[in-house]
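The following exercises ask the reader to examine a structure element by element. Each task is followed by a worked solution.

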Amino acid sequence: MTTGLAILAVDDEPRALADVSRLLESSASVDRVATATSAKEALVSLSGGRFDALFLDVAMPEIEGMALARLLRRFADPPAVVFLTGHPDAAVEAFEVEALDFLVKPVTRERLDAALRRVEAHVQGADARAPGAPPADGDGGTAPDVVAVDNPRGGGKRLVRVETIAFAQASGDYARIVCEDGRFLLRTPLTQLEKDWATAGFARVHRAYLVNLTHAVELRAQANGTAVLVMRDGTEVPVARRGVAALRRRLHA
Amino acid sequence: MPQHAAAGGTVSVHFVNNVLAAAASYIEEDPDAARDALAELGAFLTHRLRPARAVSLQEELDHVGVYLRLQEFRFPGRLDSDVPDGAVARILVGPGDVQRPVGAALDAWLARRPGRVRVRVRTAGDDLELHLDAPDTPDVAAELVSIDLTKSVRSSE
């Protein structure tokens with residue numbers, strides 16, 4: 001693990017800034033924390049020293065955090081950006097500027113530590129995944145809060161909270177996810193999602209299905225040795241014969 | 001900023017989360033301030049989340065006072081607020097009917113300008129007026145926002 005991260009925390013709300021900087025300063029992986037109360041102050045700090053990441057408030061007077069993040073992308077070697085916000089809807093824009101993570105205030109220690117692990121991975125260059133993606137295995141990683149899916153109503157990406165996803169179904173090399181807002185194509189293979197979402201309550205119950213068990217309400221045995229998982233909305237997801245026993249153990253059924 | 005629908009009005013998720021973040025920051029250095037912030041937030045949410053009902057204008061103005069104190073927790077030293085206490089029109093309004101326009105105007109002001117802001121709510125006939133100005137920088141133009149209560153007045157039924 002890399003130690004000694006240099007972090008610049010930026011927030012126009014002094015109390016929120018005090019809170020996040022205190023959390024950062026008490027993190028073992030952080031060596032140095034500087035603070036700024038505006039985007040202008042942040043730019044001055046950036047011109048005077050090297051930072052591994054900015055923990056950046058979205059809504060600030062004059063230059064907003066999102067505008068600063070866009071500006072930073074023009075830097076030759078920009079610091080990673082982790083957004084802080086009081087409103088989760090800003091995650092859509094955060095994805096567009098390739099933020100490394102997105103934290104909703106007030107931030108828990110656990111969530112902040114997960115963001116710092118992403119910063120470390122980013123700094124080490126060991127993280128070969130796309131920006132904003134989660135760790136590829138369960139070794140201390142956390143599942144992502146949101147995933148970007150194809151927007152069926154035109155261009156761009158739509159962000160879907162992973163907790164709202166009932167199940168993912170293999171669709172060629174990609175996955176079709178079924179969530180509270182509908183069905184969307186996610187350009188990631190089911191095998192990768194199985195790794196990414198392992199800590200988020202998902203289970204591979206069939207070669208073509210990855211199910212969020214928190215959305216299942218019934219496990220129903222079938223006469224041929226297979227089973228079906230009944231979801232909240234009544235949808236039945238097949239469970240492969242060879243997966244039934246493991247699923248029963250996991251569910252203590 | 002998107003709002004979250006709730007019984008008795010709408011509550012800004014952004015506002016609530018930022019107040020909680022401010023309260024968290026006080027826990028170690030000033031536990032009493034943290035407790036006060038949480039108590040005020042409790043009062044704020046109680047006013048807004050109780051089942052839909054009409055409240056007196058004075059109750060709503062007290063709610064505006066709570067809102068402004070919560071803003072002071074977020075931005076210590078930036079707000080100088082003055083809200084009428086008593087002697088206001090005996091009418092009924094919806095919870096949040098005055099706080100929402102006050103909040104929108106104050107958010108816009110804080111988003112555009114650094115420094116201290118003076119917030120005054122005044123009765124103007126059957127309506128209310130919100131005055132915003134920057135006491136430390138007189139060259140900044142003051143703002144006057146009329147809050148039309150005619151659309152808000154509720155039956156006591």
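**Exercise 1. Describe the sheet of chain A that has parallel pairing, and state what packs on it.**

Solution. Begin with the strand order: an open sheet of 5 strands in chain A runs 2-1-3-4-5, with parallel pairing. Strands here are DSSP runs of E with at least two residues, helices are runs of H or I with at least four, and both are numbered from the N terminus. Two strands pair if DSSP finds at least two bridges between them.

Next, locate the edges. Strand 2 (30-36) and strand 5 of chain A each pair on one side only. Neighbouring strands are turned by 20° against each other on average, direction ignored; axes are lines fitted to C-alpha atoms, for helices over the stretch in contact, and angles run from 0 to 180 degrees between N-to-C directions.

Then take one pair within the sheet. Strand 3 (residues 53-57) and strand 4 (residues 80-85) of chain A are joined in the parallel sense by 5 bridges, and A:Ala53 lies opposite A:Ala80 of strand 4.

The model is predicted: local features need pLDDT of at least 70 and side-chain atom pairs count only at pLDDT 80 or more, while totals for chains, interfaces and linings use all residues. Residues are numbered from 1 along each chain as its sequence is written, and chains are lettered from A and ligands numbered from 1 in the order in which they are written.

**Exercise 2. Determine how strand 12 of chain A is paired and where its side chains point.**

Solution. First, consider the partners. Strand 8 (residues 165-171) of chain A pairs with strand 12 in the antiparallel sense over 3 bridges, with A:Ala168 opposite A:Leu210. Strand 11 (residues 202-206) of chain A is also antiparallel to strand 12, over 4 bridges, and A:Arg204 is the bridge partner of A:Leu210. Strands 11 and 12 of chain A form a hairpin with 2 residues between them.

Second, consider the directions. From strand 12 (residues 209-212), A:Tyr209 and A:Val211 point one way, A:Leu210 and A:Asn212 point the other way, and all are buried. A residue is buried if 20 or more other C-beta atoms lie within 10 Å of its own, exposed if 12 or fewer, and partly exposed in between, with C-beta atoms placed from the backbone.

**Exercise 3. Explain why A:Leu100 counts as buried.**

Solution. A:Leu100 sits in the loop between helix 4 (91-96) and strand 5 (101-104) of chain A. A:Leu100 counts as buried because 21 other C-beta atoms lie within 10 Å. The C-alpha atoms of A:Leu100 and A:His122 are 8.3 Å apart, although the two residues are separated by 22 residues along the chain.

**Exercise 4. Characterise the side of chain A that touches chain B.**

Solution. Start with the counts: 14 residues of chain A are in contact with 21 residues of chain B, where contact requires C-beta atoms, placed from the backbone, within 7 Å. On the chain A side, the largest share, 5 residues, comes from helix 1 (residues 14-25) of chain A. That side divides into 7 nonpolar, 2 polar and 5 charged residues; Ala, Val, Leu, Ile, Met, Phe, Trp, Tyr, Cys and Pro count as nonpolar, Asp, Glu, Lys and Arg as charged, and the others, Gly among them, as polar.

How values were computed:
Two residues are in contact if their C-beta atoms, placed from the backbone, lie within 7 Å.
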